[in-house]
Amino acid sequence: MPVIFKTILLLTISNVFMTFAWYAHLKNLNNKPWMIAALVSWGIALLEYLFQVPANRIGFTVMSLAQLKILQEVITLSVFVPFAVFYMQQPMKLDFLWAGLCLMGAVYFMFRT
């Protein structure tokens, strides 16, 4: 599998864990003390790092640091929107599209040669 695809796959898995670590406690642990939510989130974040660190190390062999960061931001939005709409039951907004278009512009500038 090409390096860029490995990086994208690992960063996508990492971002799924990251998104749950950052936001799922708002739905699932809302009635628990914040310390419990923080500890659960830290546990989930550990799983995120187990995918994110290798992804960035692999990706850095063929991409610049700035390219890795923009790639991660695109993946983050791609994971966050379905999470927000389907898991957190937030309304779909046109702003998600505009944010995505802005990120595509960032991708263009970071990856052009």
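Which residue's side chain is joined to that of N15 by a polar contact? In this predicted model, the partner is T76, and the two side chains are joined at 2.5 Å. N15 itself sits in helix α1, which runs over residues 3–28, and with a relative accessible area of 2% N15 is buried, because anything under 20% falls in that class. Leaving aside residues up to four places away in sequence, N15 touches Q72, I75, T76 and V79.

Helix α1 has 26 residues and reaches 36 Å from its first C-alpha to its last, close to the 38 Å expected at 1.5 Å a residue, and α1 bends by about 45° at W22. The buried residues of α1 include T7, L10, L11 and S14, as well as N15, M18, T19, A21 and A24, and what covers them includes α2 (34–59) and α3 (65–87).

Helix α3 can be followed in the same way. Its 23 residues should span 33 Å at 1.5 Å a residue, and the end C-alpha atoms of α3 are 31 Å apart, which agrees. After α3 comes Q89, whose phi is positive, near 60°.

Side chains of opposite charge can pair when their charged atoms come close. The structure holds one salt bridge, in which the side chains of K69 and E73 meet at 2.8 Å, N to O. Because K69 and E73 are four residues apart in helix α3, about one helical turn separates them. K69 counts as partly exposed at 45% relative accessibility, and E73 is likewise partly exposed, with a relative accessible area of 28%.

Aromatic rings also link α1 with α3. The structure holds seven aromatic pairs, one of which is formed by F20 and F83 in an edge-to-face arrangement, with 4.9 Å centre to centre and 75° between the planes. Since F20 lies in helix α1 and F83 in helix α3, this pair ties together parts that are 63 residues apart in sequence. F20 counts as partly exposed at 29% relative accessibility, whereas F83, at 6%, counts as buried.

A further pair, Y23 with F80, is also edge-to-face, at 5.6 Å centre to centre and 65° between the planes. This pair links distant parts of the chain, with Y23 in helix α1 and F80 in helix α3, 57 residues apart. Y23 counts as partly exposed at 30% relative accessibility, and F80 counts as partly exposed at 27%. Finally, F20 and F83 belong with Y87 to one aromatic cluster.

Terms used: Residues numbered from 1 in each chain as written. Predicted model: local features only at pLDDT ≥ 70, side-chain atom pairs only at ≥ 80, totals over all residues. Heavy atoms only, no water. Helix = DSSP H or I, 4+ residues; strand = E, 2+ residues; numbered from the N terminus. Buried < 20%, exposed > 50% of the residue type's maximum accessible area, 1.4 Å probe, protein only. Polar contact = N/O pair within 3.5 Å; in protein donor to acceptor, adjacent residues only side chain to side chain. Contact = heavy atoms within 4.5 Å. Expected span 1.5 Å × (residues − 1). Bend = angle between axes of the 7 residues up to and from the residue. Salt bridge = Lys/Arg side-chain N within 4 Å of Asp/Glu carboxyl O. Phe/Tyr/Trp six-rings, centres within 6.5 Å; stacked < 30°, edge-to-face > 60°.
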